[in-house]
Amino acid sequence: MYRTMLNGKIHRARVTEANLNYVGSITIDEDIIDAVGMVPNEKVQIVNNNNGARFETYIIPGERGSGVVCLNGAAARLVQEGDIVIILTYTLIPEDKVQSHKPKIAIMDENNKIVEILGQEPAATIL
């Protein structure tokens, strides 16, 4: 048996741009995606803290060190520049590895710089 587990999380990133005329996807600073083990073209779930929208797309790597988090194409209709989003990836883990699995969770500041990388989220904690 396999379980679907959180694998990577970018917590409270600020949307820097929304580009309706782009083909599609989310552009994320490549330094950020590397830090949480995400890869280009990987499926991501996005949660918009400002309006509650939840949707899926895929990653396009952005310029390293730029802090870019840009929603493209149809996804641009679900965010506005300045919105706070959570970006998630999941993985299938065999039952015998579930207890030892540690996701990579990046806690972001207001400029999309990583403040801290966690291996799990503390219960009932506001970050």
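## Exercises on a predicted chain

Leaving aside neighbours within four places in sequence, T89 is in contact (heavy atoms within 4.5 Å) with M5, L6, N7, G8, M38, E42, K43 and V44. The model is predicted: local features need pLDDT of at least 70, side-chain atom pairs count only at pLDDT 80 or more, and totals for chains, interfaces and linings use all residues. Residues are numbered from 1 along each chain as its sequence is written, and side-chain values use heavy atoms, with hydrogens and water left out.

**Exercise 1.** Determine in which strand T89 is found and whether T89 is buried or exposed.

*Solution.* 
Step 1. T89 belongs to strand 7, residues 84–94. Strands are DSSP runs of E with at least two residues, helices are runs of H or I with at least four, and both are numbered from the N terminus.
Step 2. The relative accessible area of T89 is 0%, so T89 is buried. Buried means under 20% relative accessible area, exposed over 50%, and partly exposed in between, with a 1.4 Å probe and protein chains only.

**Exercise 2.** Describe the surroundings of R14.

*Solution.* 
Step 1. R14 lies in strand 1, which covers residues 2–14.
Step 2. R14 counts as partly exposed because its relative accessibility is 31%.
Step 3. Not counting residues up to four places away in sequence, R14 touches V69, G82, D83, I84, E110 and N112.
Step 4. For E110, a polar atom of the R14 side chain lies 3.1 Å from the backbone oxygen.
Step 5. G67 is 53 residues from R14 in sequence, yet the two are 8.8 Å apart in space, C-alpha to C-alpha.

Conventions. A polar contact is a pair of N or O atoms within 3.5 Å; within protein, one must be able to donate a hydrogen and the other to accept it, and residues adjacent in sequence count only if both atoms are side-chain atoms.
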